[in-house]
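Q: How do I read cavities, burial and surface patches in a model? Walk me through it.

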Amino acid sequence: MGSKSKEVFMLRFFMYVIYTTQALVVSYFPLYFMDRGYTAGQIGIIYSTGPIISIFANIIFGTASDRYRTIKKIMTLLMFGQLVMVSLLFTTDAFVMVCFIMLAFYFFQTPVNPLSDSLILLSSQFTSKPYALIRVFGSLGFALSAFLVGQLLKVTGTQITIPLAVGSITLALLLSFTLKDYQGTKRKIEFGGFLKLIRKPSILSYFAIVLVVSVAHRMYEGFLAVTLREMGADNSLVGIAWMVSAISEIPVLFLLGKYGHKFKELPLLAIASLMYALRFWLISEITDPIWIIPIQAMHSITFGIYMVTALRYLSSIIPDEFRSSGQAVYAIVWSGFAGAISGTAGGLIFEQFGRTAFFQLAMTLALVASIAFLAKHFINRDA
């Protein structure tokens with residue numbers, strides 16, 4: 001296998017495995033905690049403490065990556081930290097202790113996505129493979145894991161969720177040693193310049209809009225499994241729902257990888273946000289959980305378009321030397337602030353006002369983001 005082909009293979013394999021872990025965390029950890037007797041409000045707290053710590057984690061690890069010019073070594077450290085933390089879940093069911101363990105777990109888990117995105121984006125100039133054609137293997141890993149684990153849990157129950165997570169994180173740790181460090185420009189990093197860059201009104205406004213749609217997405221993602229369980233769905237349907245969403249990304253990622261550069265980013269983000277609003281409204285209206293399957297297929301035209309396009313726009317406004325730091329700020333908004341808001345406020349709204357009000361609020365936020373992205377496009381064009 002040629003050097004470039006081998007590098008692409010290892011990147012794809014690594015993406016497959018880290019998204020396998022993410023499928024467990026997103027799809028089945030809420031059910032695991034629910035079966036341990038935690039309420040929707042408590043699960044919301046667990047899912048909000050992680051995003052809060054991720055704000056600091058992404059700053060620390062993103063800055064360290066740019067300063068020491070390595071993603072590989074930091075990725076290995078992150079995998080080791082995750083492995084230790086998730087193993088501690090074997091030792092206790094006490095709510096307070098679980099909150100602290102998950103807090104530490106998210107400290108090591110949340111920087112993985114932005115750093116892996118940076119790694120892929122930087123690798124493209126050496127491997128000639130666009131971001132989407134490598135990231136698509138993350139979708140495959142998520143899809144297959146969501147489905148297969150759902151089928152397995154239907155037989156065994158959710159008690160094997162943690163052993164499965166230990167296995168996938170261990171494999172990711174081993175694979176991290178095979179990664180190659182890719183770097184952009186060798187220009188000296190001046191972090192004062194980065195802070196000045198992200199204070200620009202055009203960049204601040206972009207992150208503000210991203211926050212709005214991110215809160216809506218995190219509300220949906222964090223409480224989908226709880227919603228389905230309350231509607232009477234079993235673990236296998238939850239797994240199928242997540243599998244459908246991940247598989248639906250794949251053709252969109254391929255298409256955007258080949259043709260996405262032909263379209264303006266901000267109008268695409270407006271369309272994705274509008275489709276998010278429709279998706280959230282539909283789930284607020286359904287009464288039979290089986291309808292979640294076609295709704296989850298809308299993941300392709302919501303998150304699939306949004307993720308690739310948002311990162312492409314970010315790469316156009318943040319120079320290469322600040323790539324990891326820029327990705328870290330994006331992750332802080334997408335996972336940190338949005339996760340904290342959706343977990344705490346969203347959990348209370350879900351518990352006090354129910355599913356319909358919860359998802360209609362998410363719909364409203366997505367509509368606001370759609371209008372804002374479109375307005376920003378016209379403002380930039382006329383500037």
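**Cavity, burial and patch**

A: Helix 14 (residues 323–382) gives the largest share of the lining of the largest cavity, eight residues. Helices are DSSP runs of H or I, at least four residues, numbered from the N terminus. The model is predicted: local features need pLDDT of at least 70, side-chain atom pairs count only at pLDDT 80 or more, and totals for chains, interfaces and linings use all residues. Residues are numbered from 1 along each chain as its sequence is written, and side-chain values use heavy atoms, with hydrogens and water left out.

Q: What volume does the largest cavity have, and how many residues line it?
A: A cavity is a set of points on a 1 Å grid over the protein atoms alone where a 1.4 Å probe fits but cannot get out; lining residues have an atom within 4 Å of a point. Here the largest cavity has a volume of about 750 Å³. It is lined by 41 residues, with Q22, N113, R218, E221 and W334 nearest its centre.

Q: Is L314 buried or exposed?
A: Buried means under 20% relative accessible area, exposed over 50% (1.4 Å probe, protein chains only). L314 has 2%, so L314 is buried. L314 lies in helix 13 (residues 303–317).

Q: Which residues form the nonpolar patch on the surface?
A: Nonpolar side chains are joined within 5 Å. Here the patch is F9, F13, L171, L174 and F177. L174, in helix 7, is exposed at 52% relative accessible area.

Notes: Patches are made of residues with over 30% relative accessible area and no salt bridge: like charges are joined within 9 Å, nonpolar side chains (Val, Leu, Ile, Met, Phe, Trp, Tyr) within 5 Å. Accessible areas come from the Shrake-Rupley method with a 1.4 Å probe; for residues, only the protein chains shown count as cover. A salt bridge is a side-chain nitrogen of Lys or Arg within 4 Å of a carboxyl oxygen of Asp or Glu. Helices (H or I, at least four residues) and strands (E, at least two) are DSSP runs, numbered from the N terminus. On a 1 Å grid over the protein atoms alone, a cavity is a set of points where a 1.4 Å probe fits but cannot get out, and a pocket is an open set with protein on both sides within 12 Å along at least five of seven lines; lining residues have an atom within 4 Å of a point. Grid points are joined across faces, edges and corners, and a volume is the space filled by probe spheres set on the points.
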